[in-house]
Amino acid sequence: MTTGTDEFNFLEGEEWYGHEELRRAALESAEMARSLAPVTEGQRSLAGELVDKLVNDGLLRTGVPRSVDGPMAPPSVMLRSAEAIARGDASAGWCVSIAMTSSLLGAYLPPKGAEEVFGLPRSTASGVWAPTATARTVDGGVIVSGRWSFCSGISHADWLFAGCLLSSGHEQSQRTLPRVVALPKEQLEIPDTWHTGGLRGTGSHNAVADQAFVPDHRVLSLVDGPPAGAEPLHRFPAIAFFALSVAAAALGNARGAVDDLLALASAKKPLGSSRTLAERSLTQIAVAQAEASLRAARLLYYQAVEDAWRVVQSGGSVPQELRAGLRLAGTHAARVATEVTDAMYELGGGAAVYETSPLQRRFRDAHTMTAHVQLQPGMYKAAGAFLLGLPVRDQDL
């Protein structure tokens, strides 16, 4: 294991499918995110120079379609990028996870919409797909009103992909359809709501729309999926990718917590002891157990991603067996990551209780992550139902 400036080289031996520039950019961003983490947390949004780095290197839009110059990186490459950056700072990795997932929706829009949202090379998006707003059809588009919570990265995003329920049909037979609309930030009010214990730097404020017009070419359906002929990347299940992306941030945060504990353990001597924390047998056992758990969860995670990706690349659709595997691996990775972070925080003892301690920030970030619906233990339910032979909807996996 290494510490210091070389600690991010854990990605060197992994498969990046020729996307070495993304790997290099992710490692550089990870180190910058780590050095700027106190600034990011203090201002409750990513540090400006880090945002510039992420935007310039395209790390916030790795999922945009080829028609608007997307890199077409495989899912595992995108996820490893987010994981690496979260190892530097969880808030930064979380924002990358949300932005890269949102960028995938460029392929779900009509070409005119994709060009409008992502045509400019620096254009990035945040996203909250839960349909917490309402929309009604008008000539040429829809009118949307509502509020979305947890808009991670909205401080630096140009667009928001926002979920809504669209009223459709005549009054006698009216029904609502789940839709996602792409709204420019200028059409939104962004109240200062993000005052939290963890992930402070994500700037996950609320967003509010009041009678905002959205043209038809910026309205999409996640339920219907991408258009026929979509690239393999965009046929990978979007909901599953979203869950995997936030789990990647949790994995990176846990690895960062191990890094922080190793740095502390070599120097800290517990009160009344002549030995450093690293020299104590209980520390050695706990670190080894955490390392084994984290490596095993990570292997399961990336194996599940690769299994599904091979099917998509061959032209097929991901079967429920592999979708269940994705759900299982992502949820398990997030839960193990939290357990590892907790263990490192406890090993830090009194040094970890101060706000200036990186371990305390890791601990707070981990438990804020697991408050997200996609990382809660209930997400095991659909995979468990499938394993028990019960019917499960694709969108639940």
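Student: How many disulfides does a search of the whole structure find?

Tutor: The search finds zero disulfides. The model is a predicted one.

Student: Why are Cys151 and Cys164 called buried?

Tutor: Buried means under 20% relative accessible area. Cys151 has 0% relative accessibility, so Cys151 counts as buried. Cys164 also has a value of 0%, and therefore Cys164 is buried.

Student: Is Gln289 buried or exposed, and why?

Tutor: The threshold for exposed is over 50%. Gln289 has a relative accessible area of 52%, so Gln289 is exposed. Gln289 is found in helix α8, residues 281-313. Between the C-alpha atoms of Gln289 and Leu397 there are 30 Å in space, and the two are 108 residues apart in sequence.

Student: What makes β5 and β6 edge strands?

Tutor: The open sheet has six strands in the order β5-β2-β1-β3-β4-β6, and its pairing is mixed. Strands β5 (207-215) and β6 (219-220) each pair on one side only, and they are the edge strands.

Student: How do you know that β3 and β4 pair, and in which sense?

Tutor: Two strands pair if there are at least two bridges between them. Strand β3 (residues 159-168) and strand β4 (residues 175-184) have ten bridges, in the antiparallel sense. Opposite Trp159 stands Pro184 in β4.

Student: Which strands does helix α5 touch?

Tutor: Helix α5 (residues 111-118) packs on the sheet and touches β1, β3 and β4. The direction of α5 makes about 145° with that of β3. Another helix, α4 (residues 90-103), lies across β1 (125-138) and β3, and runs at about 45° to β1.

Student: Which residues touch the most other members of the largest nonpolar core?

Tutor: They are Phe161, Phe236, Tyr301 and Met344, in a core of 92 residues. Helix α7 (residues 238-265) gives the most to this core, with 16 residues. A second, separate core has 20 residues, among them Val144, Ala207, Val214 and Val219.

Definitions and conventions:
Residues numbered from 1 in each chain as written. Predicted model: local features only at pLDDT ≥ 70, side-chain atom pairs only at ≥ 80, totals over all residues. Heavy atoms only, no water. Helix = DSSP H or I, 4+ residues; strand = E, 2+ residues; numbered from the N terminus. Contact = heavy atoms within 4.5 Å. Axes fitted to C-alpha atoms, helices over the stretch in contact; angles between N-to-C directions. Core = buried A, V, L, I, M, F, W, Y, C linked by side-chain atoms within 4.5 Å. Buried < 20%, exposed > 50% of the residue type's maximum accessible area, 1.4 Å probe, protein only. Disulfide = S-S within 2.5 Å.
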